[in-house]
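Visitor: I would like to learn how to read features in a protein model. Could you guide me through this one?

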Amino acid sequence: MPSTVVHAGFALLLAAGLLGAYYDRRALAVLLVVLVIPEADSFLGLVMDGAHRTVGHNFVLPAVAALALYYDTRAREESWIRRRLSPRWVAVAWVALFVHVFAHVAIDWTHLDGVNAFWPLRDRFFALDGEILYSTADGFVQTFVDVRIDPDTGTRTVDAGAGGTSESVHVSNPVQPRDPDVDVEEPVDRRFPIANSGWRLYLIGLGLFALGARRLQGDGLGEDA
């Protein structure tokens, strides 16, 4: 699975492009904390079936947070964030939410069983898995969304990568490396991945490069505004 370090590497790239003048140590610290928080659902797996990739890995809760942030900063007469903190933290909050969705949840959406995308509204895992290509033999081909038509009834079935539920899907993690419903006698091997493929190691290095480049450019990493 993509490690937290891989997520952090992508988050550094997004932060370098989105934070602008607010790119400093405090903003980066907030973004990295927000990035790590979803992994806490691994511990919830001890008391809830399929908690990992469910509680902290969905698109519903970020959508609710985005609506709340929009209401506070755009609809209310006086913003709580602007009053209690400062206007700069409005920008940091939006970037943190963006990083959570695209540097964490969306990356996990493309791997293994995907994520429980619409939990708690719907308990179903979805994985973004497939390919798009042009073939001289078959023409345009895409396999991300599979549309089947029953030749007898004409009924159309759309498969967009839907998988099992939280009761049937177990995504291995250091807290629960094995499916608790499977009885295995071998010793438990708890692995804490860093980079288990070339592109992930490349992404980590690219994120660190962006961090170093911004520091050399003097874009505020020494500030503590």
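Visitor: Is Glu 167 buried or exposed?

Guide: Before that, please note that this is a predicted model, in which local features need pLDDT of at least 70 and side-chain atom pairs count only at pLDDT 80 or more, while totals for chains, interfaces and linings use all residues. Residues are numbered from 1 along each chain as its sequence is written, and side-chain values use heavy atoms, with hydrogens and water left out. A residue is called buried under 20% relative accessible area, exposed over 50%, and partly exposed in between, using a 1.4 Å probe and protein chains only. Glu 167 has a relative accessible area of 64%, so Glu 167 is exposed.

Visitor: What is a salt bridge, and how many does the structure hold?

Guide: Side chains of opposite charge can pair when their charged atoms come close. The term here means a side-chain nitrogen of Lys or Arg within 4 Å of a carboxyl oxygen of Asp or Glu. The structure holds five salt bridges, and one of them joins the side chains of Arg 88 and Asp 24 at 2.6 Å, N to O. Because Arg 88 lies in helix α6 and Asp 24 in the loop between α1 and α2, this pair ties together parts that are 64 residues apart in sequence. Arg 88 and Asp 24 are both buried.

Visitor: Which residue forms a salt bridge with Asp 189?

Guide: The partner is Arg 191, with the closest N and O atoms 2.7 Å apart. Asp 189 counts as partly exposed at 45% relative accessibility, whereas Arg 191, at 64%, counts as exposed.

Methods
Helices (H or I, at least four residues) and strands (E, at least two) are DSSP runs, numbered from the N terminus.
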